[in-house]
Amino acid sequence: MPTFRRLRTKLTILYAGLFAGVVLLISLVVYTAVSNNVTRLVREELVASGTVFDRVWALRAAQLENGAGLLSRDFGFREAIASNDQATIRSALDNLKVRLGIDQALMIGADGHLIAADGAPVGAISPGALQALEGDGTASGVLMIGGAPHEVVSVPILAPTVMGWVVFAAKLDHAQMTALERLSAIPLDASVLDRDASGRWSDADGRLGAGEARRIGGYVDQAMATHSWAPQVLSTADGPTAVMVKPLTVLAPDAPAALLLSYPMSRAMAPYQPLLYAVVVTALTGLALLVLGSWALARSLTRPILALDEAATRLKNGERTEVAVVTGDEIGRLAESFNAMAAEIGKRERRITHLALHDPDTDLPNHQWLQRRLERTGGDDLFVAALGVDRYAHVRGAIGYDLAGELVGEIGATVRRAHRDARVARLSTDVLGVLFRARDLAAARAVVAEMQARLEAPVRLGDNTVDVSLTVGLASHPLPGERVTSLIERANIALDLARAGRQKFAVFDESLYGDPAKNLSLMSEMRQSIAAGQMVLHYQPKYDLRLGAVTGVEALVRWPHPTRGLVPPDAFISMAEETGHIRPLTEWVIDQALADQRALQEGGLDLEVAINISGRLLDDDGFATPTLARLAGAAGAVCFEITETAVIEQPDVALGIIERFAGAGVKVAIDDYGTGLSSLAYLKQIRANELKIDKSFVFAMASSQRDALLVRSTVDLAHGLGLQVTAEGVESPTALALLSGMGCDLAQGYLIARPLPLNELLTFMAEEERALRTYG
Amino acid sequence: MRGLALLFLFLLGSLPARAADLAVEVRNAQGKPVPDAVATLYPAQGARSGPIHFDWPMEMVQQDLQFHPFVLIVPAGAVVAFPNRDDVRHHVYSFSPAHPFELKLYGRDETRTVRFDHPGAIALGCNIHDNMIAFIKVVDTPYAAKSGADGVASLRGAPPGQAVLHVWHPYLRAAGNEIVRTITLPRAGGAREIVVVELRNPPPRDQSY
């Protein structure tokens, strides 16, 4: 089965083929039926005609005999014969010949002499024939006279004995045959065949060709031999021809003759030709109509299918598509289903797109959406502000998930209401991005400030009122050469920056925040710098208020980058914490600080060295054990200031390690107390030796009664727990005096000294010793 | 009856010389006797002189639309009567070259006579009734006889010695419808000659045209 590219061709060829087959079959059946019928008809007709011919033949013979008999009985004729009156005899023969319309009339005398009517070919009668003619009774049959077959009747002349014979002969010529042919119901051909001495059959008229005569002769011979006279179909010059032979009585037994009736089948078929032509024409017309019809039908079938096919292709390409439903049949229903499906797919796609571009909680657009919007909206006057809801996790914990989401949504709605031109999206759980236009950075700052002020009003959610605090990061379009080019990313970084700096607002600063890839390379550079000894430790003196002397220093790491210059500690330490690089850094700091301490000791200075240890390292056994080994070689007192920049993930492990440090004689200080996660629980759990009050309290102490009270209470609390108290950020003599009054143990700040390189520390300490002054 | 006739012949005819009797038995090829064959004998020494006389009536009767007898032997010069015993008329004719004649229509109990002077066979017909046929054999020898139902024609009183025997039959298939053969008669006693003949079919008589 060949494969078709097109349904239309397939259907058309299939139908046309089937129809052609059926038509061919019908034509064959019709032709065979007609042909068989005609053959049968012709055979029957030939047999019937043969019978008719027999009868006609007999009648003719009888007629001839009658005539001859009458003459033979005529007394006068007999008298003429008896008296041998030849003239009379001849005239009588002539008379009858004319009257009966026969060809030959003659008389044979008893002694064998012939008396003939005019023109009779007397000499042409063979002796054998003569013997046959001179019978005792009437003889009739075919006789060749002069090479032509004649029907001959011989009647004896009795007077009363045989005196002779009257012989009448009718030539069996073409005219006779034509007369015979007319008697038949069908226009057949009749001819008399005779066999010559050499056994060849030929017809008297010579109408048969040699080959034809041979074939027919064979048939005649066979028929004669077997005495079967059934018609047969032979091949002749006229094509297949039905022939039938009838033996003729001959007077000369050595020259047999036969009547051949023949009827060309083509002539028999002729009346049916119009029928056969009609069948063929009808078949061809039908085939043409069927081809056209099935083509049209297939077209009407395939057109909607093609439309569906094209529509499906369009649908595949993501285009909106619809197929015209023109029919109510299966294809129409398919088209309806397709349309419904396409519509449903479109709806679903829009919903998916909406979901992809929107936040499901608030139905605000999401990060993606804003990004697209940014890509579509050009202009240097575009700004993105990242509004971060402070302490969102706490808020969410307080009011529940749903309401927290609602809160963010409400903030977004408020921004939208206030700034119709702005586009608001939820960038992350607690961050909203606002895209807006502003003339310049100053105008943008103004917009953000106004926005921040408006949004920090308490928000009503149902029956509750929620206080909202926002931190905002603002980003403008990147300047040429700046690496972070996404406005949203820049705004987020600015927000992080602001949060890290505990500020309400920050503008993206390329110099402060590299991109993540750069950050990773920064860490790798840091490791290289550690290995290359490029890192530097600065020391900030810690002043003992009671002794009035500097008794310790806090080691602070500084990174003078060969190309970037001095990298701010905030920029790389927190990153080192996040990326796991804090441990090598801390280990280097410990080694360096212990080395410096030994150097100071050798210079006569016995100072306690405080080293910052990230909370992240406290649950790391891999850190604790080598560190304890390092501490074994310490020249003096060491204090670990534990910062709480990150949540300690495994408090049990952390406490165990702190215990081990303490066991090794290391002092433990709680850094930056009062901010972050430090709590009373901490004080309870960690067996610390020292508590450092965060500088934000100390800064405000001079102006704020409240802060001063907090510091005092903390000092009292620490003392109550047996802890020394260090105040950070001491920058004014007032603060120092206040702290001194509160009983604070140690002070640290610019008032005493900024962090100093080791050599400067030596100089400072030398001056200190000389001055031994009291600050304030 | 026959024996009586033979006795009579013997007494009358064979006085002057010694004479022999010849029985001619005529048969066909199948051995069946052929009646109505005429045997005539011509002795080499010549026939006895004197008028020839046969002891059967010289008449050809027409009765029941037939001639009777079928074959009549008459001596040359004999006058043959043709009595009509039918209720219908007859028209007897003969085209035989030996003696063509015609007896125009004559009725019942009418008798015509014809004198036959020349030996030969005369075929008789009736122009009205085609089925009527008969033959008169005019002979010029006293030794003539017609075969009976047993096919035997008896010739008596013929002189012994060589003789020519003629056997004639109207339908005998031979020239002149007769067979001629030379025989020798014994000096005394009877002789028997068997003649096998072949007959043609009689002409068709019952055809109607």
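Mentor: Begin with contacts: two residues are in contact if their C-beta atoms, placed from the backbone, lie within 7 Å. In chain A, among contacts between residues at least 6 apart in sequence, 62% join residues at least 24 apart. For chain B, with the separation again at least 6, 66% of contacts join residues at least 24 apart. This is a predicted model, in which local features need pLDDT of at least 70 and side-chain atom pairs count only at pLDDT 80 or more, while totals for chains, interfaces and linings use all residues. Residues are numbered from 1 along each chain as its sequence is written, and chains are lettered from A and ligands numbered from 1 in the order in which they are written.

Trainee: How many helices and strands are there in chain A?

Mentor: Helices (H or I, at least four residues) and strands (E, at least two) are DSSP runs, numbered from the N terminus. Chain A has 24 helices and 27 strands, whereas chain B has one helix and 16 strands.

Trainee: What share of the residues of chain A count as buried?

Mentor: A residue is buried if 20 or more other C-beta atoms lie within 10 Å of its own, exposed if 12 or fewer, and partly exposed in between, with C-beta atoms placed from the backbone. Of the 776 residues of chain A, 35% count as buried; of the 209 residues of chain B, 34% do.

Trainee: Which residues of helix 2 of chain A are buried?

Mentor: In helix 2 (residues 75-82) of chain A they are F77(A), R78(A), A80(A) and I81(A). Seen down the helix axis, these buried residues fall within an arc of 155°, so they line one face of helix 2 of chain A; the arc is that of the directions from the helix axis to the C-beta atoms. Their cover includes helix 1 (7-73), helix 3 (86-100), strand 4 (148-158) and strand 5 (162-171) of chain A. After helix 2 of chain A comes N84(A), whose phi is positive, near 55°.

Trainee: Which residues are buried in helix 16 of chain A?

Mentor: Helix 16 (residues 569-579) of chain A has F572(A), I573(A), A576(A) and E577(A) buried. Their arc, seen down the axis, is within 140°, so the buried residues line one face of helix 16 of chain A. G580(A) follows helix 16 of chain A and has a positive phi, near 85°.

Trainee: At what angle do helix 8 and helix 9 of chain A pack?

Mentor: Axes are lines fitted to C-alpha atoms, for helices over the stretch in contact, and angles run from 0 to 180 degrees between N-to-C directions. Angles under 35 degrees count as roughly parallel, over 145 as roughly antiparallel, 65 to 115 as roughly perpendicular and the rest as oblique. Helix 8 (residues 273-316) and helix 9 (residues 330-357) of chain A pack at about 10°, with their axes 10 Å apart. Helix 8 and helix 9 of chain A are therefore roughly parallel to each other. Among the residues making this contact are L308(A) of helix 8 and F338(A) of helix 9 of chain A. By class, the contact has 11 nonpolar, no polar and no charged residues; Ala, Val, Leu, Ile, Met, Phe, Trp, Tyr, Cys and Pro count as nonpolar, Asp, Glu, Lys and Arg as charged, and the others, Gly among them, as polar.

Trainee: How are helix 11 and helix 12 of chain A oriented to each other?

Mentor: Helix 11 (residues 392-399) and helix 12 (residues 401-418) of chain A pack at an angle of about 130°, with their axes 6 Å apart. Helix 11 and helix 12 of chain A are therefore oblique to each other. Residues of the contact include Y392(A) and I399(A) of helix 11 and Y401(A) and L407(A) of helix 12 of chain A. The contact residues divide into seven nonpolar, no polar and one charged.

Trainee: Where in chain B does a residue other than glycine have a positive phi?

Mentor: Most residues other than glycine have a negative phi, and most peptide bonds are trans. D36(B) has a positive phi, near 65°, and lies in the loop between strand 1 (20-28) and strand 2 (38-43) of chain B. D36(B) counts as buried, with 20 C-beta neighbours inside 10 Å. D109(B) also has a positive phi, of about 60°, but counts as exposed, with 10 C-beta neighbours inside 10 Å. The peptide bond from H68(B) to P69(B) is cis, with omega near 0°.
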